[in-house]
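Have a look at the fold below and keep it open while you read. We'll walk through it one spot at a time.

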Amino acid sequence: MENGDIPENANEHCPGPQSESAGKSDACEGCPNQQICATAPKGPDPDLVPIAERMATVKHKILVLSGKGGVGKSTFSAQLAFALAARDFQVGLLDVDICGPSIPKMLGLEGQEIHQSNLGWSPVYVESNLGVMSIGFMLPNPDEAVIWRGPRKNGLIKQFLKDVYWGELDFLIVDAPPGTSDEHISIVQCLDPTGVDGAIIVTTPQQVSLIDVRKEVNFCKKVGVKVLGVVENMSSLCQPITDFKFLRMSDNGEQKDVTQWVWEYMKEKAPEMLNLIACTEVFDSRGGGAVKMCNEMGVPFLGKVPLDPQLCKVAEEGTSCFTNKDCVVSAPALKKIIEELIENNGWSLLLSNGA
């Protein structure tokens, strides 16, 4: 829905998305767009002008979305930010997950606070070319619950967009909460006039996740946001065989740790096995996973990232997997996906042109 146009799948007597009765009139009952129309602000939004002025110094804006919570969206956002900054891009990471801000933790910025200058709110910096903004920096303590309704969430998102002074950015990555609710509508409506490159959607392989991710893809299509691609995260559990713990189960269910015996046996009988990577599926992917969904919905598939315990560790530590020698399975997978994104969208020209 753009500029008040009536969507193609609207009910017969649709009052229009900018009408005061949008989503509330009898004609709206049963319309698939009812909730979006009912919660969307009506008429010209006075905040769009200052937001456009702030975003004028940002070359590319990328949304990171997921239909389902717990699929590793924020982990991907954090590692994408680390990777782009490592390539000497100027990067901003905006966390609009108001109720569950995990970006400060994943960037190693817990306990930091926002500072103000005459230019506006200053991001918290990991490096000189990687700045972060999150409600997590504003909470009196990390256990504080944010119990806000939609309008207050939307107000903070607008404040982030119009009051944060990012300076010149090559990329602004927006880490959104799961779903297709107020925060998503707000961020799209506020950024749409300034141009959004598109959305990266993160999922896991099983149908429980893909059911909701299909809704996310359809949301992007309805609001006119290009889907840059889908990442299948936690596609399988992979790690060096030497990182596994081996147990022997007795008939009565007791477990005995035989890890040391297994290692010694392999060293003696099959030393070449010590260099192997062991993988197993964690989620049921018999439905075809993200690859099949992308083919059916006509959106790009970017690749698979394994469930790597070492990636979980760097996320907890707030560091980059690309500088950690132990992330031997996740870092190459993420690097390939990010390099494909850069190449397919022409972003590498930013550096070669000195822009």
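Where in the chain does S102 sit? You'll find S102 in the loop between β2 and α4 (103–106); helices (H or I, at least four residues) and strands (E, at least two) are DSSP runs, numbered from the N terminus. A quick word on the ground rules: this is a predicted model, where local features need pLDDT of at least 70 and side-chain atom pairs count only at pLDDT 80 or more, while totals for chains, interfaces and linings use all residues. Residues are numbered from 1 along each chain as its sequence is written, and side-chain values use heavy atoms, with hydrogens and water left out.

Back to S102. With a relative accessible area of 24%, S102 is partly exposed; on this scale buried means under 20%, exposed over 50%, and partly exposed in between, using a 1.4 Å probe and protein chains only. Setting aside neighbours within four places in sequence, S102 is in contact with S74 and D95, a contact being heavy atoms within 4.5 Å. The side chains of S102 and S74 are also joined by a polar contact of 3.3 Å. That term covers a pair of N or O atoms within 3.5 Å; within protein, one must be able to donate a hydrogen and the other to accept it, and residues adjacent in sequence count only if both atoms are side-chain atoms.

Now follow S74. A polar contact of 3.4 Å links the side chains of K73 and S74. K73 lies in helix α3 and is buried, with a relative accessible area of 6%. Beyond four places in sequence, the contacts of K73 include V64, L65, D175 and P178.

What does UniProt say about this stretch? An unreviewed entry lists G67, K68, G69, G70, V71, G72, K73 and S74 under "binding site"; positions are given in the numbering used here, feature names are shortened, and annotations may be inferred rather than shown by experiment. Of these residues, G72 is included in the lining of the second largest cavity. As for G67, look in the loop between β1 (58–65) and α3 (73–86). G67 counts as buried at 15% relative accessibility, and, not counting residues up to four places away in sequence, G67 touches P178, G179, D212, V213 and E216.

How many cavities of 30 Å³ or more does the structure hold? There are two. On a 1 Å grid over the protein atoms alone, a cavity is a set of points where a 1.4 Å probe fits but cannot get out, and lining residues have an atom within 4 Å of a point. Grid points are joined across faces, edges and corners, and a volume is the space filled by probe spheres set on the points. The largest cavity comes to about 70 Å³, and its lining includes N11, A22, N33 and Q34.

UniProt also places a "binding site" (unreviewed entry) at C14, C28, C31 and C37. These residues span 24 residues in sequence, yet no two of their C-alpha atoms are more than 10.5 Å apart, so they gather at one spot. The lining of the largest cavity takes in C14, C28, C31 and C37 from this set. C14 lies in the segment before α1 (34–39), and C31 is found in the segment before α1 too. C31 counts as buried, at 13% relative accessibility, and C31 is in contact with N9, A10 and N11 once neighbours within four places in sequence are left aside.

Note on methods:
On a 1 Å grid over the protein atoms alone, a cavity is a set of points where a 1.4 Å probe fits but cannot get out, and a pocket is an open set with protein on both sides within 12 Å along at least five of seven lines; lining residues have an atom within 4 Å of a point.
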